[in-house]
Amino acid sequence: MGKVKICVTVPVDQANEIRKVLGEAGAGKIGEYSFCSTSYLTQGRFLPSDKANPTIGEHGKSEIVEEEIVEVACDKAITKEVIAKLRAAHPYEEPVIDIYPLIEESEL
């Protein structure tokens, strides 16, 4: 089946809600543990175009936002469902979502 790692950038004050959505969708399961995640602080930078609908900031004005990157492991079989729920809950119009394939230790 295999696993992937999902990494998503979110405003700091909404990171707990995103962790909850990911966990409820089935991501973050490791053995007998659920809702497992890691996060770290970062700064997001962007410039919204005139056609953008920014959650934070204004058209044509550069922004710097304090954010968290939340990371979870996810069974590959449910990744599309998890990403759909993540996008529905995420406050950004264009969230940054990275998906990385993981190698099981037994495959080394």
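## Thr-9 in strand 1

Thr-9 counts as buried, at 13% relative accessibility. Its place is in strand 1, and this is a predicted model, so read the position with that in mind. Setting aside residues up to four places away in sequence, Thr-9 touches Thr-42, Glu-67, Glu-68, Ile-69, His-90, Tyr-92 and Val-96. Two of those names, Glu-67 and Tyr-92, come back in the section on the largest pocket, where they are listed among the residues nearest its centre.

## The overall layout

Stepping back, the chain has 2 helices and 4 strands. Reading along the sequence, you get the pattern β-α-β-β-α-β. The C-alpha atoms fill a box of roughly 50 × 25 × 25 Å when taken along the principal axes.

How much of the chain counts as buried? The figure is 33% of the 108 residues. As for contacts in the chain with a separation of 6 or more, 73% of them are accounted for by residues 24 or more positions apart.

Helix 1 has Ala-15, Ile-18, Val-21, Leu-22 and Gly-23 as its buried residues. They pack against strand 1, strand 3 and helix 2. Just after helix 1 comes Gly-26, with a positive phi of about 105 degrees.

Helix 2 covers residues 79-89, and here Thr-79, Val-82, Ile-83 and Leu-86 are buried. Look down the axis of helix 2 and its buried residues fall within an arc of 100 degrees, so they line one face of the helix. What do they pack against? The partners are strand 1 (3-11), helix 1 (15-24), strand 3 (63-75) and strand 4 (97-102). On the face turned away from the buried side, helix 2 carries the exposed residues Lys-80 and Ala-88.

## The largest pocket

The largest pocket has a volume of about 330 Å³. Its lining is made up of 16 residues, and those lying nearest the centre are Phe-46, Glu-67, Tyr-92, Glu-93 and Glu-94.

Which element gives the most to that lining? It's strand 2 (residues 38-46), with 3 residues. By type, the lining of the largest pocket divides into 8 nonpolar, 4 polar and 4 charged residues.

If you go looking for disulfides, a search of the whole structure finds 0. Cys-36 is in none, and the nearest cysteine sulfur to its own, that of Cys-74, is 12 Å away.

## Ala-73 in strand 3

Ala-73 has its place in strand 3. Ala-73 is buried too, with a relative accessible area of 17%. Leaving aside neighbours within four places in sequence, Ala-73 is in contact with Val-4, Lys-5, Ala-27, Gly-28, Lys-29 and Leu-102.

There's a through-space pairing to look at here as well: the C-alpha atoms of Ala-73 and Cys-36 are separated by 7.9 Å, though the two residues are 37 apart along the chain.

## Two loop residues

Phe-35 is found in the loop between helix 1 and strand 2. What stands out in the backbone of Phe-35 is its phi, near 60 degrees, a positive value in a residue other than glycine. Is the Phe-35 side of the story buried, exposed or partly exposed? Phe-35 is partly exposed, with a relative accessible area of 46%.

Ser-49 is found in the loop between strand 2 and strand 3. With a relative accessible area of 40%, Ser-49 is partly exposed. The C-alpha atoms of Ser-49 and His-59 are separated by 5.5 Å, with the two residues 10 apart along the chain.

Conventions: Residues numbered from 1 in each chain as written. Predicted model: local features only at pLDDT ≥ 70, side-chain atom pairs only at ≥ 80, totals over all residues. Heavy atoms only, no water. 1 Å grid on protein atoms, 1.4 Å probe; cavity = no way out; pocket = protein on both sides within 12 Å on 5 of 7 lines; lining within 4 Å. Points joined across faces, edges and corners; volume = space filled by probe spheres on them. Nonpolar A, V, L, I, M, F, W, Y, C, P; charged D, E, K, R; others polar. Buried < 20%, exposed > 50% of the residue type's maximum accessible area, 1.4 Å probe, protein only. Arc of directions from axis to C-beta. Contact = heavy atoms within 4.5 Å. Disulfide = S-S within 2.5 Å.
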